[in-house]
Amino acid sequence: MASHRRPKQPSRTRVTVLTTAAAAAVVLSANAANAAPSEKLGKDEVKAKVDKLYEQAEQATEKYNGAKEKQQKLQKEISTIQDNVARGQEELNKLRDGLGSMATAQYRSGGIDPSVQLFLSSNPDDYLDKASTLDQLSSQQVEALKKIQDKQRELAQERAEATEKLKDLASTRTELGNKKKEVQGKLAEAQKLLNTLTAKEKAALDAEQARANRSSTERVDLKDAPPASGRASAAFSAAQSQIGKPYVYGATGPSSFDCSGLTSWAYAQAGVSIPRTSEAQANAGTRIYNQSDLKVGDLVIFYGDMHHVGLYAGNGQVLHAPHTGAVVRYEAMGNMPFQFGVRI
């Protein structure tokens with residue numbers, strides 16, 4: 001006789017799970033149907049985004065340059081202080097040896113004076129603070145002790161200064177590392193965008209940049225633009241000799257430059273030392289707010305945060321190291337937000 005078992009009914013939990021899963025599937029399906037397909041950016045859109053990233057990278061580069069310059073300055077200062085401390089310690093040792101010789105002479109003549117013996121086994125600062133003991137010392141001993149005390153105080157002050165500068169150096173190194181990562185991050189992001197272009201689009205963009213570089217490296221007619229000075233003229237000539245060299249962040253020449261690296265290098269060739277960063281260069285001379293008053297060789301500051309600098313080339317042109325992917329070249333000042341000029 002056949003068995004007529006009643007089919008097992010699914011549990012309430014199982015029904016709930018299945019119902020939820022089915023509902024989710026419907027929602028996902030609907031979302032997929034309604035979602036707009038991801039749009040690939042066109043060449044011009046990529047270029048605009050890349051140019052913005054290059055500008056941000058340059059902003060970070062100038063902060064990086066400032067941190068690097070500060071690090072080098074601190075290292076020199078710390079080295080000088082440490083040398084001074086080493087020499088001071090030698091002087092202190094000689095002073096102590098002199099006092100020891102005095103004690104030896106006293107011993108040979110009948111024993112060490114109790115006051116000298118006390119000093120040799122204690123801190124002279126504490127010892128000299130006890131004015132009553134000075135009555136027990138000869139004028140020669142008092143002078144020797146005071147010299148030792150002064151030298152000890154001087155060394156303590158220099159060591160404290162070195163300690164503070166070492167802390168500042170550690171902080172500066174951290175800032176330097178952070179800014180370097182920021183620059184590299186912006187450049188990597190730009191490269192990632194460029195990699196989304198087709199080979200044909202990439203070639204077209206490269207050709208466009210190459211044309212910009214070529215057309216902007218031709219000599220500017222300077223007949224209507226006299227140099228600011230003999231040294232400004234020499235600095236401008238030095239910068240002209242670097243036309244076509246690539247922009248590299250943090251570079252100061254002579255094989256590659258960033259914006260402030262080019263201007264500081266150019267003036268150095270003219271025998272003039274100016275600060276390393278564009279922000280500092282903005283305060284290195286007399287500001288000129290009217291473009292018509294600019295002369296060849298004047299520094300030209302761009303953007304509100306002063307993160308870009310070039311050399312005035314005459315006829316509304318600036319000679320500068322623009323950004324990653326470009327070379328040292330001339331460019332119309334109207335392509336960037338002019339802030340003011342600086343006459344060194």
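## A strand pair to start with

Phe302 has Phe338, in β6, as its bridge partner. The strand β2 (residues 299-302) runs antiparallel to β6, and the two are joined over 4 bridges. Strand β1 (residues 286-288) also pairs with β6 (residues 338-343) in the antiparallel sense, over 3 bridges.

## About the model

This is a predicted model, in which local features need pLDDT of at least 70 and side-chain atom pairs count only at pLDDT 80 or more, while totals for chains, interfaces and linings use all residues. Residues are numbered from 1 along each chain as its sequence is written, and side-chain values use heavy atoms, with hydrogens and water left out.

## The chain as a whole

The protein chain has 10 helices and 6 strands. These elements are DSSP runs numbered from the N terminus: helices are H or I with at least four residues, and strands are E with at least two. Of its 344 residues, 36% count as buried, where buried means under 20% relative accessible area with a 1.4 Å probe, counting protein chains only.

Among contacts between residues at least 6 apart in sequence, 69% join residues at least 24 apart; a contact means heavy atoms within 4.5 Å. The chain exposes about 19800 Å², and carbon and sulfur atoms supply 51% of that area, as computed by the Shrake-Rupley method with a 1.4 Å probe.

## The largest pocket

The largest pocket has a volume of about 580 Å³. Of the 27 residues lining this pocket, Lys47, Asp51, Tyr54, Gln209 and His323 are the closest to its centre. On a 1 Å grid over the protein atoms alone, a pocket is an open set of points with protein on both sides within 12 Å along at least five of seven lines, a cavity is a set where a 1.4 Å probe fits but cannot get out, and lining residues have an atom within 4 Å of a point. Points are joined across faces, edges and corners, and a volume is the space filled by probe spheres set on them.

At least two lining residues come from each of α2 (43-108), α6 (139-194), α7 (199-215) and β5 (329-332). By class, the pocket lining has 8 nonpolar, 10 polar and 9 charged residues. Nonpolar covers Ala, Val, Leu, Ile, Met, Phe, Trp, Tyr, Cys and Pro; charged covers Asp, Glu, Lys and Arg; the others, Gly among them, are polar.

## The cavity

The structure holds 1 cavity of 30 Å³ or more, and the largest cavity has a volume of about 30 Å³. Its lining is made of Tyr54, Ala57, Glu58, Thr61, Leu187, Tyr247, Tyr249, His323 and Thr324. Helix α2 gives the most to this lining, with 4 residues.

## Buried helices

Helix α9 (residues 259-269) is largely enclosed by the rest of the structure, because 9 of its 11 residues are buried. Among them are Cys259, Leu262, Trp265 and Tyr267. After α9 comes Gly271, with a positive phi near 80 degrees.

In helix α8 (residues 230-240), the buried residues include Ala232, Phe236 and Gln240. The buried residues of α8 pack against α9, β3 (308-314), β4 (317-320) and β5.

## A look at Val85

Val85 lies in helix α2 and is buried, with a relative accessible area of 13%. Leaving aside residues up to four places away in sequence, Val85 touches Leu155, Glu158 and Arg159. Val85 and Arg159 are 74 residues apart in sequence, with their C-alpha atoms 7.2 Å apart in space.

Technical notes:
Two strands pair if DSSP finds at least two bridges between them. Buried means under 20% relative accessible area, exposed over 50%, partly exposed in between (1.4 Å probe, protein chains only).
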